[in-house]
Every structure is written in structure tokens, then in C-alpha cells.
Number of protein chains: 2
Amino acid sequence: MAAVTLQDVAMRAGVSQATASRVLNGSNRVPGEGVADRVRTAARELGYVPNAQAQALARASTGLLGLIVHDIADPYFSSIARGVQAAARAARKQVLLAGTDRDFDIEREAVSTFIAHRADAIVLAGSRQSGDLDRELEAEFGRYRANGGRVVVIGQPLAFGGAVEPENHFASAELADALVAAGHRQFAVIGGPGNIRTSVDRRNGFVEALGRHGLTPLVEVSGDFDRDGGHSAARRLAAALELQPGAAAPPVCVFAVTDVMAIGAIAAWRELGLSVPRDICVAGFDDIPTLRDHTPSLTTVVLPLEEIGSRAVDLALRNHDDADDLRERIPGRIVLRDSTKLS
Amino acid sequence: MAAVTLQDVAMRAGVSQATASRVLNGSNRVPGEGVADRVRTAARELGYVPNAQAQALARASTGLLGLIVHDIADPYFSSIARGVQAAARAARKQVLLAGTDRDFDIEREAVSTFIAHRADAIVLAGSRQSGDLDRELEAEFGRYRANGGRVVVIGQPLAFGGAVEPENHFASAELADALVAAGHRQFAVIGGPGNIRTSVDRRNGFVEALGRHGLTPLVEVSGDFDRDGGHSAARRLAAALELQPGAAAPPVCVFAVTDVMAIGAIAAWRELGLSVPRDICVAGFDDIPTLRDHTPSLTTVVLPLEEIGSRAVDLALRNHDDADDLRERIPGRIVLRDSTKLS
DNA sequence: CTGAAAGCGCTTACAG
DNA sequence: CTGAAAGCGCTTACAG
């Protein structure tokens, strides 16, 4: 990596390294025009590319922003990542990406590495149950923040730092209300893992709202937080409900806590010969872009995923004079579509 | 960012900075046991986190791997990114992520920044027309490589470096063959932008294979390389073909050069009252995971997206003794599903 | 406006 | 086995 050095540029331009440095990055003081030109020319001719590592060491900040997600191939996270990416670019930061596969050890490792790289901020998009932030992670974040690092979480509680929180609980309740208003009376739930905050909030919000209408889910099952989790949970649900193709009664309305799980569920039911919304209805959550063209169209709660990502970056980069701990709540918008349509 | 320093650790352990350094990262020479213990204890007590920037400066490499994609929210790229991520983790590299929105200026900027950060390798996943790699980019890559940087491209030609190339041309030809074998005789094509290599290869492979069967597409239209591009192209196609719901004749079979475009097309046709595969058939390319549960199920060419990503990383990190320029061809696998089923 | 010099936090020959 | 010292490539007070 013996690239062209600032010193090389300075020599060729016949100035000191200090001057070359000042010319090449916007120090306010503009040097004599001739000088600046010579330096810039020399830099161009030599193909000089500043060494960001050295700059980082000499300055205070690295210009790095760490993003931690469960799985970048999951459309929920990739949409968020897109927003993070865009906002980071606007702020001239580089994104360091890590995927954890929902493994807390890997997550802790990612945090350590980001801290080692002295990222200016870390955005943690994986969600977990409250209080579950282990001591070790918490201690590291503490030191990190003490040294000027910023941390922002998406969709999970944290005793400190910034947070952008989709209103999972509230929006799920609204969804339940809308479904009841649409005429549904029999419900079931496909939940996610019990240690994922987002999953639990959505389930609770929904079930509590049902309770206010004097209703209770007939069955609750749960599975992994992905397509296959929804698929297998849906099979169990069908068995528990003794669902039959073409049965007479009004269909049960299932709330799957994510769109991706809902899609897996529909696929499972289709394999059983059950049709949505005729034999069974289902609503999801997230409004995943790639899934918008699904048939039947999916009733869901629209979350502005990209915006969530960019807001997280904004929070992370905001000056934190006094109010250091900022939370931004992101409301969801209910959209009723074919998958819950009563005939 | 005044974090704990190696010096701090050394002092507390009562050893020199050099010794502390040797203990804390696996220098082969094992110091006296007592010493090592003291250093490690001091590091733990102080919460020492090595400064990767400083290490990078002192060593040769940064441990950074740059990944450039068009759009991380596009499932094609997010699947690749997942593979890159996994392979990078296995190689203990950190992923630097950039999205270009298909803007070549932004792409060039991303490359510069990655080089400035002295990434050990750069994986370029955006695809473009051959020869279109502009001078400036080429020059930068040249210097980068001269300084030890590795570059690997996915799905595009490059005069140097490594490349992993999905066999777009060949697989599309196979798809055409399979469709003809299934009984299709009338074809049309929904292509992508003319400056995207992947798009052009797929279209050409398909059309050339048709030619070998003495067939020619009735119509060709094209659109942006995304869902909306497929959607609008499909409308134009329907108009050109004067498609009517419930028409008698055997349906035209459309090849959309990506699954995502195919999905957009199906949505457009549905809006027009046309049904797939009854009124019109369609095949895609990629086998996007999230789309596997689509109805009708989509005939497509399966590409091992994650593997493509991890192979790219392997290539980038491989020792390049003599054979510096490596290419890996990735075959596609044809899967006929409902969307091209003839009744 | 410009330059000499110290310093950012590590690693690594080179001696001992 | 261990330490003193130079060096990685920049930035930035501090003088001039």
C-alpha cells in the first residue's frame, strides 16, 4: 500500500507538507493562489488519494458509521439499510455493515469491531427483548459514549443514546380495531420469538386491543422471525383450527407479526388447499416493498422503513448539547387489502 | 475519542508498549507467562480496545472490504450482500457498503472513498455495459491495484482483477430452449437499460436461442431495471400485442430479464384484467427469495446469489501469485413454474 | 500566508 | 524474552 503521500505532493509542488495539507482539504485560510494551484496540480499528476486512516488518527473522527442488522437479505433490514446509506452519504460518512444472524455473540463482536474502528456512531437495528442488553455490551457502549461515540437503536429499548421506535404496540392495536370494524370477530395470532421486542410488542398491542372489544385469539402460535417461521407456524395453526378448504363459517383472521411471516403462512395454507381470504384471512406488518404485488394483496401496517433508517442516522449525527437521549416515534399506517376481505 | 491507549495498558502492567502490543495480538513469541497475564489483566481492567486506524497505519492492511451495489434494498443486491457479509466475517474483514443508485458519479465517488480508506479489496456489484468503465475509474483502479489493492467485479467485464460472472447469456438461451420445448412458439421480451451488461446479455442470449429455433420475438420493449420498469414496459407490451382478457389463442410468452421486473409486469397486466398464465405467460431471472411465494409461481433462472457474493470475497482475498486475473463462471438453473404453464 | 515540529496510537526491525 | 526508537501519513497549534 505504498501509495502517493502528502509529502510527495508537497515536494513536487515545492511547498511544505503543512501547506499541502491545508490546500487539499478546505482549511478556511486560502493560500496564495499560485501555491494552491501548484499543490492541486501536483496532487492530480501524482494521483494522490489522502489516507483516511492517517487523517482519522490525526483528527478526531473517522467518518465511519456502523450499522448492525440481523440479516441484510431480509427486506425489512435492507430497506432500513437503504435509508441509512442515503443519509450517511448526505453526511459524508461511510457505512460499516455487519449482519448478526440474530446471534448475540456475533452482535457483540460487531460492536467491538466498530468501536475498534472508532466509528463515529453505531446504529443497532436488530431488536431484542427489553432488559436483555447484556452487561458486557452495555459496558462497552458506556465507554464508547464516554469517548464521544454515539449510539442509536432502532426498535428496541436502551437506557441511553438515541432511539427510533416504530409504534409497534399502538399500530398493532389500531390494526385490530380496523379489522374488528371491518367485521372480523374470530382471530388468531402468529407471533415471533419471545426475545424479540418488536415481535412481542406487536403481538401484545394486537391482543390487548382485541380484549377491549371483548375478544380473545382462538389460538396463538409462533415461529422464527422469517418466512419459514411463518410457514411452519401456519401449519400448526391450521391443524389447531381444524381448517378445511371451503368450510362455511366466516374465516378466522390471523395476525402475523411481519409481512414476511404472513407470506410464508399464505404459502403453507395454499399447500393445504386453503385459500386466502376465503378460508382464512391474514394481516401482516411492515409493508415490505417487494411484497406489494403479492396476490392476494396483503393487509398490513405501513412502516416508512427507509425513513426509519435515515432518521436513525440523523439522530446519531445530531449535536447533543443537552438533550443527549432522543427518541423518535414512528407511527404506522393501517392499510386494509384483499387478504382480510370478507365476502 | 480519548480512549484507553496501549500505552495506558503497558504502564499499568509495568511493561513496555512493545511488549503490550506483542501480548495483545498474537505475535508468535509468547512472553513470560506472568507478563502476558499482567498485560491482559490490565487491558481488561482498563477496557482497552485497540485502535484499528492506528493499527492499519502501522501495519500494511486495514481489514476493510468495500462493497458497491446499485441499491441495497433491491433483493438481488441484498442477497449478494449477505454472501459478501458472511464471507467477510469468516475472513475477519469489515464490510464498507456503498449504494450508487445507478449513478456513475456516485459510483466513482464510492471507489475513491474506499481507496482513501485503504480498503484491502473492493467488490463492485453494479453492472454496466462492456467498455463503459470510464478512464478515470480505470486509472484509479490501476493505481489501487499497483498499491496492492484487489478488485473483483460481479457480472461485468473488466480488463483486470477478478470477476464472478453469472452465465447470463448461456442461461437465458437455455431458458428459451426450455420454453420452446414446453410448447411455446410466440415470444416477447421485456428488457432493461441498454447500458447494463447483465440486462443486455440476458436479452441477447434469449433472442439468439429463439433464432436457432427459427423464432423471433413479436415485440421487444424495455424499462428501468426495477419493478416499476417492468410494470410500465408491460403496459406498452400489452398495447403493442393488443392483448385482451380471455382471448382464445395460445398466450404469448414474455421473458422479463429479472424477476423483479417480471413481478411488476404481472401486476400491470392484472390491472388490465389480464391473467397469467392464461392470457399471457412470463418468465423472469434471478430467483429472488422473497418472490418465491408469488402467485402464480414464477418460471425463472435460479442464480445462487449469496454464493456469488461469497465467491467474490474469496476471489478478492485469494493469494494472487501468478494468476492474478481470475474469473469464476456461475451457471444458472432453469426452473419452469406456473407462470409459463400452457393449459 | 507558510513552515518546523509535535502528536495521533499502533507495529516492528534492531539491540540487548 | 524485552525495550527504545523509528516510522506509518496525516493535522494543527505555534512561530515567524
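Q: How do E2(B) and strand E2 of chain A pair, and over how many bridges?
A: Strand E2 (residues 94–99) of chain A and E2(B) pair in the antiparallel sense over three bridges. Two strands pair if DSSP finds at least two bridges between them. Helices (H or I, at least four residues) and strands (E, at least two) are DSSP runs, numbered from the N terminus.

Q: Which residue stands opposite Val95(B) there?
A: Leu97(A) stands opposite Val95(B) in E2(B).

Q: What should I know about the model and the numbering?
A: This is a predicted model, in which local features need pLDDT of at least 70 and side-chain atom pairs count only at pLDDT 80 or more, while totals for chains, interfaces and linings use all residues. Residues are numbered from 1 along each chain as its sequence is written, chains are lettered from A and ligands numbered from 1 in the order in which they are written, and side-chain values use heavy atoms, with hydrogens and water left out.

Q: How many residues of chain B are in contact with chain A?
A: On chain B, 61 residues are in contact with 61 residues of chain A, contact meaning heavy atoms within 4.5 Å. The two chains bury about 5,200 Å² between them, 53% of it on carbon and sulfur atoms. Buried area is the accessible area (1.4 Å probe) that two parts lose on being put together, summed over both.

Q: How many salt bridges are there between chain B and chain A?
A: The count is 10 salt bridges between chain B and chain A; each is a side-chain nitrogen of Lys or Arg within 4 Å of a carboxyl oxygen of Asp or Glu. Among them, Arg82(B) pairs with Asp71(A), with the closest N and O atoms 2.8 Å apart.

Q: Changing topic, how many aromatic pairs are found over all chains?
A: A search of the whole structure finds six. Rings of Phe, Tyr and Trp (its six-membered ring) pair if their centres lie within 6.5 Å; planes under 30 degrees apart count as stacked, over 60 as edge-to-face and the rest as tilted. One of the pairs is Phe206(A) with Phe255(A), stacked at 4.4 Å centre to centre with 25° between the planes.

Q: Which parts does that pair tie together?
A: Phe206(A) lies in helix H9 (residues 197–212) of chain A and Phe255(A) in strand E8 (residues 252–256) of chain A, so the pair ties together parts that are 49 residues apart in sequence.

Q: And the peptide bond from Thr295(A) to Pro296(A), cis or trans?
A: That bond is cis, with omega near -5°. Pro296(A) is in the loop between strand E9 (280–283) and strand E10 (300–302) of chain A.
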